[in-house]
Amino acid sequence: MTKMKITPEEALAYHLEPRPGKYEIVASTPMATQRDLSLAYSPGVAVPVQAIADNPATAYDYTVKGNMVAVISNGTAILGMGNLGALASKPVMEGKAVLFKRFADVNAIDIELDTEDPEEIIKAVSLMGPTFGGINLEDIKAPECFIIEQRLKEIMDIPVFHDDQHGTAVICVAGLINALEISGKKIGEVRIVLNGAGAAGIACLELMKAMGAAHDNCIMCDTKGVIYQGRTEGMNQWKSAHAARTDLRTLDEAMVGADVFLGVSAKGAVTQDMVRSMADNPVIFAMANPDPEITPEEAHAVRADAIVATGRSDYPNQVNNVLGFPYLFRGALDIHARAINDEMKIACARALAALAREDVPDEVAMAYGRKLSFGRDYIIPTPFDPRLIYVIPPAVAKAGMDTGVARRPIIDMKGYAHSLKARMDPTASILQGIHARAKQAQARMIFAEGDDPRVLRAAVAYQRAGLGKALVVGREADVKEKLEAAGLGDAVRELEIVNAANSRHLEAYKEFLYQRLQRDGFDRHDVHRLAGRDRHVFSALMLHHGHGDALITGVTRKSAHVLSLINHVFDAKASDGAVGVTALLHKGRIVLIADTLVHEWPDEVDLANIAVKAAGVARNLGLEPRVAFVSFSTFGYPVSERATKMHAAPKVLDKMGVDFEYEGEMTVDVALNAEVMAQYPFCRLSGPANILVVPARHSASISVKLMQEMAGATVIGPILTGVKKPIQICSTNSTVNDILNMAVMAACKVG
């Protein structure tokens, strides 16, 4: 798979735009009127204050404490970059905070402490206890991290969790459970070699021993070799606790006959000879970042029977902490836990291992572009498996309840799992899924408007994200100048710039176009002007002749004009079955609106066909379609000839015998609000609609732009469907990210 390349400029722009940093605080209660403010602050706030003073447990009811985690660091061990200080660690900690929110709907705030004194950190964090439901320690160097975590666990009555240790350990153990099942071995009998005696390595061994691994079967190595009983050089109390009774002295010696290798050390620490010397079906977790101790290719070249995991997303079996910490805290917070103990960590590992053995949902397979099934290349679930949120926290919560750390046990586990499902934002996994599919497709993407800096930045991002080859239509000097102005001068060599003026295919393009348009009033001079001078037409001709796989255009001209130009080359009119579908992403919901591009005033038959095309787009995005034909009337009232066609369109679908839910006509609140819909018990939709078929293009345009401007919805589209080749037309106010999203849609052939 093509590796992703991220430039410094892109990384800085991501953190700078649309405003500095990665998150903001949003009020969850009304703040508009004087009454609201009186309830939020004085005098109304005095009532919950007194309630909490009388019964501290009610802080979980009346404040955000129960869903709030502090991400705390002093920046002494940043992401493999070392000790760069508290302030430099802030982007990482903000990133951790947004991962908590993205994967488990846990609110998190980053706190960077400017000290290397463990006593000062212990004091500061312990004093913050009333504010938070849990503490996530991050990027604090060993051995201080051990001292800090241990003391805080003793003195605080909320979970304290050092993710660099235990997060890695949990995912590692989950993978090991499955790897040993495949190789037919038992954890109490295998010989485990660990290289790297830092925080993560020690935590991995401790958790494995808690699950039954024998002490003297676990050989820990550091830069000075094996940590054996009696060794004095470079030792500390945490290493001494894992010193084995053994005659082995080097990593080379330890690897002979070993069943399992765990690496949290450095690139290249393991040689092919070491792998050769291991036992049958060796398990190799090479987790050094960014480059593993040995690559899967190198290991498999000498041992086809090896089961290999790394920390990287571009190899199978990624040991990724995001599979652990969000769900561990979600389960712990939901039982108001006093701690996250070993039993909860083991429950998390066992639940992850069990999930990898289950049948993988289609949307996950679709996202990764291959069928995933339990085996040597799939022993750990993928981070974007939608089941994680409702499978892992209940297992963690149950273990917490069973071991007595829950302040408020969960009675209805089934109801709890259901509530967890509702917490998840489906839009993020949908976008991740189509990006992963696009990466598999490796489409040659034609960017028609190479004179626009936004298009050029999107083309560079497309190629550097490893999504495929970017073909930019434009003049070389112009493209070079605009890329240099955008700080991307080095990207000129990477892109393929296609200039109509010197294309060897131009004559063939013109001949095809003349044959197509000669009876529509176009002579050879008109055709020459269209093919040679209009980049939209030229790009469409490239696509038609297979000189690219998909096309992105529309950033510099109105979409209706661009569509009329594309129609010179392709059949993309309403009468040809073309339809525009726009996706609105807002507050964790995704709604498709159609037709937003092609049909000016569709009749009931057109509306039915629009519904069919929109349902196809929905399924392409991993949604099960529920179509509402929307109007200003609901099921015949008020009576109006303007609503008649919306009333008739479902009857057309009845005759067609389609395989998705549809209903209408109805107002938008009936379509989208489950409580309002419940007032119509005969309604055939099983839940709120995710596709709105609107009466005309003007109502579509008004709806989309109103949502974008007033509500801040993310807009993807209009997605053009019903055309033979993937063509996507962006809007003139598209951002670089919007253009990239449309390119990804085109690469996945959505529509």
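Biologist: Let me start with side chains: which residue does Thr667 reach through a polar contact between side chains?

Modeller: Asp669, with 2.5 Å between the side chains. A polar contact is a pair of N or O atoms within 3.5 Å; within protein, one must be able to donate a hydrogen and the other to accept it, and residues adjacent in sequence count only if both atoms are side-chain atoms. Keep in mind that this is a predicted model, where local features need pLDDT of at least 70 and side-chain atom pairs count only at pLDDT 80 or more, while totals for chains, interfaces and linings use all residues. Residues are numbered from 1 along each chain as its sequence is written, and side-chain values use heavy atoms, with hydrogens and water left out.

Biologist: Where do I look for Thr667?

Modeller: Look in the loop between strand E18 (661-666) and helix H28 (668-672). These labels come from DSSP runs numbered from the N terminus: helices are H or I with at least four residues, and strands are E with at least two.

Biologist: Is Thr667 buried or exposed?

Modeller: Buried means under 20% relative accessible area, exposed means over 50%, and partly exposed is in between (1.4 Å probe, protein chains only). Thr667 has 18%, so it counts as buried. Apart from neighbours within four places in sequence, Thr667 is in contact (heavy atoms within 4.5 Å) with Ser631, Phe632, Ser633 and Thr634.

Biologist: Now another loop residue: where is Glu138, and is Glu138 buried or exposed?

Modeller: Glu138 sits in the loop between E3 and helix H7 (144-155). Its relative accessible area is 6%, so Glu138 is buried. Its side chain makes a polar contact of 2.9 Å with that of Asn136. Beyond four places in sequence, the residues that Glu138 touches include Ile72, Met93, Lys96 and His162.

Biologist: How do I read a sheet, and what is the strand order of the open sheet of 4 strands?

Modeller: Two strands pair if DSSP finds at least two bridges between them. Here the order is E2-E1-E3-E4, and the pairing is parallel. E2 (107-112) and E4 (160-162) are the edge strands, pairing on one side only. From one strand to the next, the twist averages 25°.

Biologist: How do I find the sides of a helix, and which residues of helix H6 are buried?

Modeller: An α-helix has 3.6 residues a turn, so residues three or four places apart point the same way. In H6 (residues 118-127), the buried residues are Pro118, Ile121, Ile122 and Val125. They cover an arc of only 100° around the axis (taken from the directions from the helix axis to the C-beta atoms), which puts them on the same side of H6. Among what covers these residues are E1, E3 and H7. The face turned away from the buried side carries the exposed residues Lys123 and Leu127. At the start of H6, a side-chain oxygen of Asp117 comes within 2.8 Å of the backbone nitrogen of Glu119.

Biologist: And what is a nonpolar core?

Modeller: In soluble globular proteins, nonpolar side chains tend to be buried together. A nonpolar core is a set of buried Ala, Val, Leu, Ile, Met, Phe, Trp, Tyr and Cys residues joined through side-chain atoms within 4.5 Å. The largest one here has 100 residues, and those touching the most other members include Ile72, Ile135, Leu262 and Phe285. H8 gives the most to this core, with 9 residues. A second, separate core of 68 residues includes Leu585, Ala614, Val652 and Ile691.

Biologist: Finally, how many residues of strand E20 are buried?

Modeller: In E20 (residues 714-721), 7 of the 8 residues are buried. E20 pairs with strand E15 (residues 579-586) in the antiparallel sense over 6 bridges, where Val579 stands opposite Thr721 in E20.

Key: Axes are lines fitted to C-alpha atoms, for helices over the stretch in contact, and angles run from 0 to 180 degrees between N-to-C directions.
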